[in-house]
Amino acid sequence: MKSGFSKLSKRKKLRWVAENFFKKPEEVVSELMSFWHEEDKTQKVFDDFSENTLSNYYMPFGVAPNFVINGQSYCVPMVIEESSVVAAASSGAKFWMKRGGFKAEIIGTKKVGQVHFTWRGDGNKLQAFFSEIEAALIEGTKDLTHNMERRGGGILSISLIDMTHLEADYFQLKVDFETCDSMGANFINSVLEAFAKILQQFVQTHPEFSGSERELTIIMAILSNYTPECLVRAEVSCPVEDLGEFGEISSEDFAYKFEKAIRIAQLDVHRATTHNKGILNGIDAVAIATGNDFRAIESCGHTYAARDGQYRSLSNVSTENGIFRFWMDFPIAVGTVGGLTTLHPLAKRSLEMLGNPGARELMQIIVVVGLAQNFAAVRSLVTTGIQQGHMKMHLTNILNHMQATEKEAKHALVYFKDKVVSFTSVREFLDTMRSKSGTVALEKGE
Ligand code: MEV
């Protein structure tokens, strides 16, 4: 066991890891240090985000231009390592830009928190005293809620839920919040922890409570990442014939196949998972670029996808009266103030690129990108297949991996236009090209 590791300086931590887990420690130290940003204060900011930081882990920061949402144009920042995601989002955006763009609306912005506790008394008695308890909770957290209330948010409602039919002695306080432009995790958790203490104190000191009724055990107080009422609807629509033709596929056939593809993702859990993963490719990328918690968004989205007991597609489609309509309701809690949004220099730039939106606008942008992503993926799947689009990027990655020169890469892109890309085929291609006769033959176009 290594104790005191967290107390070591960053250099010492790096050295210890390099010496204990790598064959060439010097090489590792200098490689990881090459990603440091010591020349300005940024490095300290990055280091302080987390613990035991050794270096920075770079990811591509790209953009998908041409998003039109509720009549406004956006160039959307995306941070993602997977090839083709940004290209697909951009192509989905462009496709719908020519057909009137995306519509998005906020259905709700309610966040949720819970205090889980056990109590051996009669639930009806607790309920009978609940208005007194509620008043104490509100009064006792005025200091915490004051600022949020000034911004138009705060506690929306508190309810007491008797869960003893599921688990002995189990009750919870379920609290709804409005957290305006912040995601609100710190605010919600601070209020909930204060609620827990106030609740406990209430039963311990109230004259109408006695004996075992005075014993209330707080199990935990924490926000819920499931926020089905913090919800955005994003949609696109156009006459079926305006969908255009896709190679040999007519717009009617395309609409038919697309509708079936969504239906399959609503019915089949294996397909639903991949389908929703495609949606989250877009959603996560914008969430990361704007400094938001993509894990919270993911878990919420997946729970919502299973809200009727079966995990299903998050997106829906209809073709009624000749109109193709594609839409998605997605619950999403994001912030545009606080946390990483104001600390990470690129998150700040991302928000600036989007025109410094408030949380409501950002929620809509992110869900629209998810829908565009899904449209582009399903469009590829039901027309050309997914590999065609993927292969160019895949080829580039393999060429980079094999340290192909610019000239070799150029030839490879032409050569593999109509061929299957694999590590072996690219290796063979490069071997041929690197033999002199191969270069001559390829240059002649043979
Ligand atoms: C790949 O990251 C995402 C897709 O598999 C999504 C889908 O199948 O809908 C292309």
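Which side chains meet in a salt bridge at 3.4 Å, N to O? The first point below takes up this pair, and the later points move on to other parts of the predicted model.

1. The side chains in question are those of Asp293 and Arg295, which meet in a salt bridge with an N to O distance of 3.4 Å. Of this pair, Asp293 counts as partly exposed, because its relative accessibility is 26%. By the rule applied here, the count of salt bridges in the model comes to 19, and some of the others are described in the points that follow.

2. A salt bridge also joins the side chains of Asp329 and Arg233, with 2.6 Å from N to O. Asp329 counts as buried because its relative accessibility, 13%, falls under the 20% cut-off.

3. A patch of negative charge is found on the surface, where Glu241, Asp242, Glu245, Glu252 and Asp253 gather. One of these residues, Glu252, lies in helix H9, which covers residues 251–267. With a relative accessibility of 46%, Glu252 counts as partly exposed, because that class takes in values between the 20% limit for buried and the 50% limit for exposed.

4. The surface also carries a nonpolar patch, formed by Phe61, Val63, Leu346 and Met353, which together have about 300 Å² of accessible area. The elements that give two or more residues to this nonpolar patch are strand S1 (61–69) and helix H13 (345–353). Met353 is found in helix H13, and at 33% relative accessibility Met353 counts as partly exposed.

5. Ser84 deserves a separate look, as a residue in the loop between strand S2 (72–79) and helix H4 (85–97). Although Ser84 sits in a loop, its relative accessibility is 13%, and Ser84 therefore counts as buried. Leaving aside residues up to four places away in sequence, Ser84 touches Gly389, His390 and Met393.

6. Finally, Thr42 is found in helix H3, which spans residues 42–49. Thr42 is partly exposed, with a relative accessible area of 22%. The C-alpha atoms of Thr42 and Gly62 are separated by 20 Å, and the two residues are 20 residues apart along the chain.

Conventions
Residues are numbered from 1 along each chain as its sequence is written. This is a predicted model: local features need pLDDT of at least 70, side-chain atom pairs count only at pLDDT 80 or more; totals for chains, interfaces and linings use all residues. Side-chain values use heavy atoms; hydrogens and water are left out. Patches are made of residues with over 30% relative accessible area and no salt bridge: like charges are joined within 9 Å, nonpolar side chains (Val, Leu, Ile, Met, Phe, Trp, Tyr) within 5 Å. Accessible areas come from the Shrake-Rupley method with a 1.4 Å probe; for residues, only the protein chains shown count as cover. A salt bridge is a side-chain nitrogen of Lys or Arg within 4 Å of a carboxyl oxygen of Asp or Glu. Lys and Arg count as positive and Asp and Glu as negative; His and the chain ends are not counted. The place of a charge is taken as NZ of Lys, CZ of Arg, CG of Asp or CD of Glu. Helices (H or I, at least four residues) and strands (E, at least two) are DSSP runs, numbered from the N terminus. Buried means under 20% relative accessible area, exposed over 50%, partly exposed in between (1.4 Å probe, protein chains only). Contact means heavy atoms within 4.5 Å.
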